Amino acid sequence: MDFAFSPEQEELRRTVRQFLDKTSPETEVRRLMATERGYDPDTWHRMADELGLLGLAIPETYGGAGAGFTELGIVAQEMGRALFCGPFLSTAVLAATALLEAADAAAQRRWLPAIAAGELIATVAIPGTLPSGGAAGSAPAPLEVGARRLAGPDPRAAGGWVLDGTAGFVLDGHVADLVLVPAATGEGICLFAAPAPAPGLARTLLPAFDATRKYARLDFAATPATLLGPVDGAAPALARGYDLGCVALACEQVGVAERALDMARDYALLRTQFGRPIGSFQAIKHKLADVLLELEAARSAAWFGLWAADARPELRAADVRPELRAADARPDQLPVVASIAQATCSAAAYLATAENIQVHGGIGYTWEHPAHLYFRRAATSRMWLGDPAGHYERLLSRLGYLGY
């Protein structure tokens with residue numbers, strides 16, 4: 001396993017960082033977090049037109065760049081450093097992955113080019129409870145929305161299905177043009193598409209501890225929806241989509257932790273007390289050393305997750321000689337690695353941002369200082385796709401230590 005990035009990937013990192021330095025400074029973050037929309041449309045379109053970031057992992061057939069998930073992780077890490085405000089995770093990661101994994105070819109042709117071009121904001125109504133362990137391909141979590149097939153023609157549902165239920169804390173759900181909804185049916189678990197706005201769909205922006213990221217509650221009441229893919233065929237794809245979302249979020253959390261450590265180090269070298277920099281005091285050294293140690297572990301876990309995301313056994317086996325396939329065949333490590341990455345990176349980001357506030361002393365708690373913004377992002381992100389304790393339990397159950 002090689003954790004070194006290629007020259008092209010490092011160039012991607014530099015380009016994205018330069019772009020975010022210009023488009024996502026602290027002043028812009030504060031401006032956008034105070035708006036209901038939560039992102040800047042001009043920056044969003046520039047990301048698509050100038051850098052091609054929104055279609056990075058979308059195949060070239062659908063207007064994307066055809067890159068791997070590693071490139072998406074690099075972008076997510078840089079966005080974490082810049083505290084970027086925008087529906088990147090919801091659209092370019094969660095929604096694009098769900099369409100690629102679970103949707104039929106017609107749905108992919110309809111929506112993936114629009115996502116890559118920056119013309120469509122999409123999200124996935126991920127269940128609000130942490131997925132259980134179990135075998136790979138099991139349902140991501142207990143579903144909050146149900147779907148029913150209408151008997152006979154109904155003008156409300158061109159696709160013949162309607163959705164009922166509530167999805168809480170849907171990332172960017174208030175601005176999404178397309179909502180992908182995992183729903184339970186009599187036949188099993190399916191993925192549905194509900195363009196927004198739609199009849200029977202109520203969207204409520206929720207107050208959040210982290211104002212740089214927007215969540216919404218979606219209430220479905222006989223909302224027309226289109227079935228994507230076969231009936232009872234979405235469970236494996238949804239499980240993989242959840243794991244990929246965990247890895248992308250872990251990469252973002254690494255970026256948050258990196259920036260928090262940089263802020264704390266710079267201030268420790270600048271601030272003097274008793275005639276010497278506070279960074280020379282043993283207590284401050286210990287704090288920064290602890291954060292650095294956790295950050296290095298988080299980087300390794302996140303990059304291991306990227307490797308696992310791009311190393312699908314069924315794809316890799318097709319690329320090697322027949323006599324090597326048996327030796328190369330190994331189980332998909334992503335379900336296990338995703339929980340490792342999410343638990344490790346959540347804890348590292350939370351520690352780094354909390355210690356950053358402590359190193360800054362009183363000013364770290366004030367609204368005018370950016371330290372609390374990174375802490376809010378870290379505190380909210382560690383709960384969105386499951387907290388570290390939940391992921392450790394999920395990891396143990398997948399490894400067979402809990403007996404279920």
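Buried residues have under 20% relative accessible area, exposed residues over 50%, and partly exposed residues lie in between (1.4 Å probe, protein chains only). The model is predicted, so local features need pLDDT of at least 70, side-chain atom pairs count only at pLDDT 80 or more, and totals for chains, interfaces and linings use all residues. Residues are numbered from 1 along each chain as its sequence is written, and side-chain values use heavy atoms, with hydrogens and water left out.

**View 1. Glu296 and Arg299 form a salt bridge.** A salt bridge is a side-chain nitrogen of Lys or Arg within 4 Å of a carboxyl oxygen of Asp or Glu. In this pair the closest N and O atoms are 2.6 Å apart. Both residues belong to helix α8 (residues 282–310), where they are three residues apart, about one turn of the helix. Helices are DSSP runs (H or I, at least four residues), numbered from the N terminus. Glu296 is partly exposed at 40% relative accessibility, whereas Arg299 is buried at 17%.

**View 2. A network of salt bridges includes Glu296 and Arg299.** Also linked in this network are Arg81, Glu258, Asp262, Arg265 and Asp266. Side chains of opposite charge can pair when their charged atoms come close.

**View 3. Arg31 and Asp40 meet through their side chains in a salt bridge.** The N to O distance is 3.7 Å. Arg31 has a relative accessible area of 43% and is partly exposed; Asp40, at 19%, counts as buried.

**View 4. Arg217 and Asp219 are joined by a salt bridge.** Here the N to O distance is 3.2 Å. Arg217 is partly exposed, with 32% relative accessibility. The structure holds 23 salt bridges.

How values were computed: Helix = DSSP H or I, 4+ residues; strand = E, 2+ residues; numbered from the N terminus.
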